[in-house]
Number of protein chains: 2
Amino acid sequence: MLYLIGLGLGDVTDITFKGLQIVRKVDKVFLESYTSILCANRDKTDLEKFYGREVIVADRETVETEAELILDEAVNKDVAMLVVGDPFGATTHTDLILRAVQKNIPYKVIHNASIMNAIGCCGLQLYSFGETVSIPFWTDSWKPESFFEKIVNNIKNNLHTLCLLGAFIFTLFNVLDSRFSPDIKVKEKSIEALMKGKQVYEKPRFMTVDIAAKQILEIIEQRNQENDYLCSQSLAVGLARVGADDQKIKYCSLLEMSETDIGPPLHCLIIPSRTLHPLEEEMLKLFR
Amino acid sequence: MLYLIGLGLGDVTDITFKGLQIVRKVDKVFLESYTSILCANRDKTDLEKFYGREVIVADRETVETEAELILDEAVNKDVAMLVVGDPFGATTHTDLILRAVQKNIPYKVIHNASIMNAIGCCGLQLYSFGETVSIPFWTDSWKPESFFEKIVNNIKNNLHTLCLLGAFIFTLFNVLDSRFSPDIKVKEKSIEALMKGKQVYEKPRFMTVDIAAKQILEIIEQRNQENDYLCSQSLAVGLARVGADDQKIKYCSLLEMSETDIGPPLHCLIIPSRTLHPLEEEMLKLFR
């Protein structure tokens with residue numbers, strides 16, 4: 001049996017009681033490395049202490065390329081894979097389920113909160129959100145703008161946009177790369193290693209709301225689209241560490257957001273629709 | 001202190017460990033009555049047994065009209081309000097938070113899975129969903145169609161649509177009414193009571209995927225829009241009891257869906273976009 005267990009967004013105690021019972025009884029527990037990178041307060045050691053058992057870190061390479069090893073265990077044993085947020089937040093886990101089904105391994109999903117529903121904490125209604133976008137880090141030569149069209153399209157439909165601001169791990173080639181190791185600092189490699197053809201990692205960079213706002217403002221300026229659907233005075237919601245004790249929410253103009261520091265990762269940004277429900281408006285005022 | 005605690009979607013054990021710790025230590029625990037109606041396996045008695053303490057059912061009238069009583073308790077005591085899914089699934093809770101803030105009562109939200117993110121279980125990617133719609137029960141004289149335009153608009157934007165199929169409580173006037181009691185059967189009132197001006201309740205009716213599909217097909221037929229964006233052969237995903245042990249997912253045409261029984265409530269329906277990601281397609285095939 002393969003269990004995919006969501007850990008939620010805060011700390012180790014955000015696992016569900018059901019999930020915890022499973023973790024304590026299965027034969028092996030794997031932790032997807034994203035979790036250990038994305039959540040400072042939920043690394044392998046914290047989890048092992050809380051569960052009272054060993055947790056094996058499966059880095060993304062393991063999950064994708066060596067999923068077979070995990071699934072081989074699941075044929076005759078009970079195996080749990082721990083995932084930050086909800087198990088269906090990343091396609092990696094859909095892939096793991098499909099492989100399990102192919103091997104006739106039964107699977108069970110233990111859901112939890114994810115950023116996709118926890119953003120309701122700012123007061124904006126979840127059913128008034130349009131398509132979610134990801135805002136990537138720009139480089140000097142790589143400035144994709146497709147997310148901008150999607151935001152504008154949502155505004156035209158009077159819908160809010162959740163902008164996910166991910167953690168990106170760059171190799172020394174400065175190419176976006178989703179392959180990374182569970183402990184970046186330890187596994188960080190040198191140019192020397194690179195020359196030998198090995199994978200090279202830099203420390204992860206986390207996109208913050210100020211950078212995201214700056215990139216949006218740059219597109220607005222280039223297109224001379226001020227006063228259209230989005231302008232520097234358009235209001236946005238910046239959220240940091242949603243679901244954690246030190247969660248922070250800020251509601252201000254894009255211009256102000258571009259100069260705002262809401263602390264450590266993870267961040268996300270919301271561009272609300274132009275017309276708000278009175279309750280949405282009142283809630284957002286709390287974060288002005 | 002006011003705690004708003006999400007109970008998730010399955011049974012009593014879907015509360016988070018953090019939520020459970022709070023429930024066990026606070027002075028008073030209220031249960032929003034929606035929860036006891038919507039989730040057969042999480043009524044007051046089950047919860048009290050699991051928590052080892054008293055749980056007070058606060059029906060929707062209490063939460064909305066008499067929120068003051070709950071908040072008065074929260075001024076000097078620690079009070080928890082239990083909510084099915086995630087606390088930000090309903091505007092009622094936003095309203096409760098706003099009132100708490102006005103009274104300088106600190107609040108804390110314990111997130112959990114809600115239908116808004118747990119629908120990922122069918123394999124469709126959450127960030128490819130457009131605006132969420134609600135499909136209401138039609139009567140002979142009341143057949144709102146606004147949800148249809150929204151579905152078509154999402155399809156045009158190549159986005160999936162989550163159609164929420166709620167539980168509706170009708171008064172004897174047959175008017176949609178969100179006011180209801182925690183135990184419908186006990187509180188069900190007679191025409192006699194109605195004549196005295198009291199609120200009257202019928203048993204809750206739950207919208208099912210077959211009825212939702214029928215209503216969509218009726219609109220398609222009326223508008224003669226076959227072969228346009230939506231037709232009777234368009235594929236849809238019907239989901240029942242998401243997150244529970246007896247969860248059921250069915251992927252078939254709208255026509256087949258209109259003749260499908262996927263069991264007890266709650267149901268929801270998804271109209272996928274016309275172009276699917278290969279992983280989405282592969283996952284959906286599991287439910288054909």
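Let's start with B:K44, which is partly exposed at 31% relative accessibility; that label covers the range between buried (under 20% relative accessible area) and exposed (over 50%), with a 1.4 Å probe and protein chains only. Before going on, a word on the model: it is predicted, so local features need pLDDT of at least 70 and side-chain atom pairs count only at pLDDT 80 or more, while totals for chains, interfaces and linings use all residues. Residues are numbered from 1 along each chain as its sequence is written, chains are lettered from A and ligands numbered from 1 in the order in which they are written, and side-chain values use heavy atoms, leaving out hydrogens and water.

Okay, back to B:K44. Which residue does B:K44 meet in a salt bridge? The partner is B:E48, at 3.2 Å from N to O. By salt bridge I mean a side-chain nitrogen of Lys or Arg within 4 Å of a carboxyl oxygen of Asp or Glu. Both residues lie in helix α3 of chain B, four residues apart, about one turn of the helix. (Helices are DSSP runs of H or I with at least four residues, strands are E runs of at least two, and both are numbered from the N terminus.) B:E48 is partly exposed too, at 21%.

Now over to chain A. A:K28 and A:E73 form a salt bridge at 2.8 Å, N to O. This one links distant parts of the chain: A:K28 is in strand β2, A:E73 is in helix α5, and they are 45 residues apart. Then there's A:E68 with A:R99, at 3.2 Å. Here helix α5 is tied to helix α6, because A:E68 lies in the one and A:R99 in the other, 31 residues apart in sequence. Those two also belong to a salt-bridge network with A:D72, A:D95 and A:K103.

So what about the two chains together? In contact (heavy atoms within 4.5 Å) are 47 residues of chain B and 48 residues of chain A. How many salt bridges cross that interface? The rule finds six. One of them joins A:D245 to B:K108, with the closest N and O atoms 2.6 Å apart. On chain B's side, α6 gives the largest share of the touching residues, seven.

A rotation of 180 degrees with 0.0 Å of shift along its axis puts chain B on chain A, RMSD 0.0 Å, superposing by least squares on C-alpha atoms of residues with pLDDT of at least 70 in both. The copies are therefore related as by a two-fold rotation axis. In chain B, the C-alpha nearest that axis belongs to B:T16, 1.8 Å away.
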